[in-house]
Each structure stands twice: as structure tokens, then as C-alpha cells.
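Work through the exercises below with the sequence and the model side by side. Try each task before you read its solution.

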Amino acid sequence: MSTVTTTTPTATAAEAPAAAVSSNHRANVLGRRALRIRQTQIGLAITAVMVFIAFVGPYFAPHDPHALVGLAFGKPSSSMPLGTDYLGHDVLSVLLAGGRTVVWMSLVSVLLGLAAGTVIGVAAAYSRSWIDGALMRSTDVVLAFPNIVLVLLFVSLLGPKPWLIVLLVAAAWAPQVARVARGAALEIVGKEFVESSEVLGVPQWRIMVRDILPNITGPLMVEFGIRVTWSVGLIAGISFLGAGIQPPAADWGLMINQNRAGIVQQPWGVLAPVLCIALLTIGVNMTAEGLTRAVAGGGRKEDPR
Amino acid sequence: MASESVTNTMAAVPSPSSRRVAAGTSVWGWLARRLLTGVAVLWAVGTLVFIATQALPGDTSTIVLGSTATPQQIAALQQQFGLDRPLLEQYVLWLGHVVTFDFGDSLVAREPVTQLIGQRIGNSLVLVSLSVLISLPLSFLVGLLTAARRDRPLDHGVSTVSLVLASIPDFVKGLLLVLLFATTVFHVFPAVSLIPAGDSALSHPDELVLPVATLVLSVVPYLSRLFRASMIEVLDSEYIQVARLKGLPSRTVLLRHAAPNALVPAVQGAALTLAYLLGGIVLIEFLFGFPGLGAALSEAVNGRDLPVIQAIVLLFAGAYIVFNILADLATVYLTPRLRTELRS
């Protein structure tokens, strides 16, 4: 990716990277710019509602999600507005209890993957030696596995434990984040302020943290948004396969798997978690799209024709 | 749509220019090196799979057989996997088997893994190639139309719809299609494929509709963005301005002058799609009970069928590497600039 990744040179140049700004400051500026975009506003609103349901919802559940309150696949009634599931639990109560796992697992796995990928990518770009090549070739190896296959391989061997799935999803994202971080960092490592820090004898790790990291905040924030969307799909998908969250725990992906057999008699058992997952991913992805626009929109006022 | 998200989904397939090699190498030298790295990556993947399945701490035999296994069962299994030998010897033996496509017998189906997979490969190929054959032209058309109507209502409408479609996980899209077309609202297509083992999926076209539609809906939002971006880049170039200034009808400019040049990313696009679909079919085949490789993998995972898991994982990784090399080759072949750079 030598000199060719200059799709938005004007944007970066206009924002002339100043060595002094911190990552936090950059993130704040970008965040505020993103908040003015309608997509971010809608996306954040949807995300907030879904996260609220996932974490506060359980306290409003009409029944105990583990209590058998009726026959299997019962139709909706006044006390059970979404009917009952494959064993006779209240679908609404299970639904309210089943969002927490997918939300925290997605978030933590992306944070871990982002951190690991950033370290690898920045180190590779800044090393300017064989380490770069070695790191990038090892990311090739992980990238050759489709994400879900990587996760399934290790889950089948070590068992369906939530923390294992979080680590595996993080491991699946790390190489992809590393490539993005490396590409962005390569544009920075040659800049004068990095050289001046080197001349001054600033330690390498400090240059990476203080000089390089703040200037690649934009692409990393975009990565964060997109990866959360994909993590929700991946983690819910693994539970849907039966290889993730195990019963009796409540989980949206698992609910779909359990209630699939009754999809004709009692579609709510499937439709409700399906809608929840869809809304969560739509909300997160719209926010990510707004962030992307804020980052890409950079110094430009309008789209140059 | 901002270009970042497009390049982002492309992360696995770098742009052709990033694959530039130092001047002085021939196309053949480049190709040889590309093939060599491909083989090296595949070897590393294989080693990783070996480490995961055989060398990882933990007793493989109890993982496979469960804690209720009899000593005889465990001994038989250890012999089958060669678990009683030193690790290095196991590794060499295992590599030798893998290179000759000998994955042993399935622990569940009690038949050779190659035979089990052989039946499934055809079905997955049908599913994937149908999805690609529909997605590519459709995405190109959508990309062309939205690029030509840039920032008009059509463009905005399509971009909103594709943003929403791209957000929703594939299997959730598939379930929505099932709920809509197979169970509650309409009863047009079967919700679950009932293709007998050994039967080709092509002889059951109605059972292909929903799985293919799901995969198409998953791929088209990304691909059409890709085509829109490449079309816009072409439309902004000088030769198109010249063509417009000559007074050529805009339809001619669009279809004759611009479209062919916007097609080059189709190659990388196709590779990207194929690579994406490798992972995509796992959940979709499971969802529709479609007898392909993806469903075989999830069955093997649930049944802890290690030989089958090993074989399918290696097959997926190998296919991914091959798709990428083919895409690079085709891109170099189609882009005169890259060809010249390689020669000079």
C-alpha cells in the first residue's frame, strides 16, 4: 500500500495533523461533526432504545424468563402479548432478558480487536523493517479463515464459552483493523513532526502513542462502528447455530434457534428476536455511516465535481 | 455513500495497485511469487488447524467422544489420529495426509470425509455461483443507475435501502424472507430445503430461491456501492468530459464510454463476493437445511466431528487464497497500466 492509498489526500491535508492534539480531542471533534449528520442521529436513537431494552428491559419483564407459564408455542394473549416459546416460557420476558449477552459481547470483542489491531498496525507501519512484512503476512493467515469458520473451529474444540467467543471475534477483527491502522499510519510516519520527535530523542512507544495514534483516530472510529455491526451478526449467528450461548440462558440468537420449529404456529418466537437483532444492527450501522461521513467529509465543504 | 465503507469491506482484497511489484520482474516472476505466498499462507493455515485440533492442551479424545467413552473407544480414536505418537511425527503424518486429500473417516457418518464433502461441494457451488451470477450484473446495474443519478432522489433512496440491508445480518435477512414468503404472509417457497442426499440442488429449483435471494440481498448492497464509486470515478475523468463536450448523447457516454472502464473492479468484486460467500453459506445453509458445505460444517461442529471440521476449514481457506490469486491475475490482465509496470 505504498504511495497509492491517497484517496482522500485533500481531506487529511486540510486537517493538517498537528502533533499536539490528543486522541480524545480528535475523537470529540469528529463525534460532534458526526452528530450533526441525520443518519447518526437516527442511528444513535435506535441504538439507544435497543441497548436500553437489553439492559433495563429485564426489570420490566412480566414473567420470569425461566418460568413455564403456558403450553409450548402458545398464541399471544393479554398476559403474554408475544405468546409462548418452544417450552412454554413467555416470549416477551425471554426477549427482554436476551439482549444483554449479544450487546456486551459485541462491544467487548470490538474493543479488544480494535486495540490489538491498532497496536499491530501502528507497530508495523512505524517499524519500517522486516517486522512490517512479518506482521502483515501473519494477518494474511488469519484472514484466510472466514470469520465464522475461525470462531466455529475453536468453539468446537474448547466449548461454547462466552469469553472464548469474545476473544475469537476479537481475533477475527484484529488483522482487518491492523491493515486499516497500518494504511493510515503509513501516511503519518513520514511526516515532519514525527521526524522532529525522533531527532529530539522521544522514545518510540511515545511517538506511536502521542504522534501517530491521534492522527489515525478517524479511520479507527469508522472501524469501530462497522465492526460492532458485524460482531452483533456474528455473535448472534453463532448462538443461532447452537454453538454460542447455551440454554437455559436467554439470548436473541438462541431464541431463534429454539423457536424455529414452531415458526408456522407461533411466528412471534422467531420474529421478535429477529426484529430486535435487525433494529440493533441498523441503529449501530447508521451511526457508523454517520461517523464515516464525518471522517471522510474532513476539511471539504462540499462534494467537488 | 462515503468511500471508506466500501474500501472497508474490501479490506480482505487490497486494490490492484497495492500489489505492485518492484520494476524489473516479469509477469511470470510476479505470478510465481504470488503462488508461492499463497502456498505459504495455506501451509501456515494448515499448521494452525493442526495446532488447534491436535496439539492444543486438552484431551482430544474426550472432546470427540464425550466423557462417557470407553477405554477401547479412546484407544481406537487415538490410533486413528495418531495421538499416541510424538507431536512432530503426528504433524508430519498429518501434513502428508492433507497433501494427498486424505482426511480419514468422519466420526459421525462413519464414511470417508472426502466422500461426505464431495456430495456437498456441488450443492454449495450451485448456491454460490447462482448468487454471484445474479449479484454481479444486478449490482453493476444499480451502481450504474445511482452513479448516473448521483445525489438525486433515486440515489438517496437506493443508498438508504442498501444501508439498511447491509446492516442486517445475513441469517436474519434469511429469516425475514422465510417469515414473509414461506410461512405467515405468503406460502410461495419452501422454508426448508428437503433435497435428498446425493441429489443435485439444480433439480430442486424452488428450494434454491430463498437461499439464493438471501445471499444476493447480502452481497448487492456492498457490490453496488463499489460499482457506484468506480463509475463516479470514471464519470469524473477528463475523457468523459471530452465525450460530453463533443455533444454525444448522455446514454452513449454512459454505456459506451464509461461503463466498460467501470467494469474492472468487477473482477475484484467477484473475488470479494466469493470470499464473503464462503463464510456466508455457513449460516444460510444451516438456516434453510441446504445440504452443502456450510451446513456440513455446522453439523460437524455440533457433532464434534474433527476430521470433517479440519477438511472443511482447510477447503474454505484454500478457496479463499485461490480466489484472491485469480482476482489479482485477472486484474493485472485487464489493466494495461499494471501489465506495463510489471514488464518494465
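**Exercise 1: a helix pair**

α9(B) and α12(B) are roughly antiparallel to each other (an angle over 145 degrees), so the task is to find the numbers behind this. This is a predicted model: local features need pLDDT of at least 70, side-chain atom pairs count only at pLDDT 80 or more, and totals for chains, interfaces and linings use all residues. Residues are numbered from 1 along each chain, and chains are lettered from A in the order in which they are written.

*Solution.*
1. Take helix α9 (residues 209–235) and helix α12 (residues 265–288), both of chain B.
2. Their axes, lines fitted to C-alpha atoms, come within 9 Å and cross at roughly 155°.
3. The crossing of α9(B) and α12(B) is right-handed.
4. Residues of α9(B), including B:L215 and B:L223, meet residues of α12(B), among them B:G269 and B:L277.
5. This contact divides into 12 nonpolar, 6 polar and no charged residues.

**Exercise 2: between the chains**

How many residues of chain B are in contact with chain A?

*Solution.*
1. Two residues are in contact if their C-beta atoms, placed from the backbone, lie within 7 Å.
2. By that rule, 48 residues of chain B touch 49 residues of chain A.
3. Elements giving two or more residues to chain B's side include α2 (27–55) and α14 (306–334).
4. That side holds 34 nonpolar, 12 polar and 2 charged residues.

**Exercise 3: one residue**

Which residues does A:V149 contact, leaving aside its neighbours within four places in sequence?

*Solution.*
1. The contacts of A:V149 are B:G279, B:V282, B:L297, B:V313 and B:F316.

Terms used. Axes fitted to C-alpha atoms, helices over the stretch in contact; angles between N-to-C directions. Helix = DSSP H or I, 4+ residues; strand = E, 2+ residues; numbered from the N terminus. Parallel < 35°, antiparallel > 145°, perpendicular 65-115°, else oblique. Left-handed = near helix turned anticlockwise from the far one by under 90°. Nonpolar A, V, L, I, M, F, W, Y, C, P; charged D, E, K, R; others polar.
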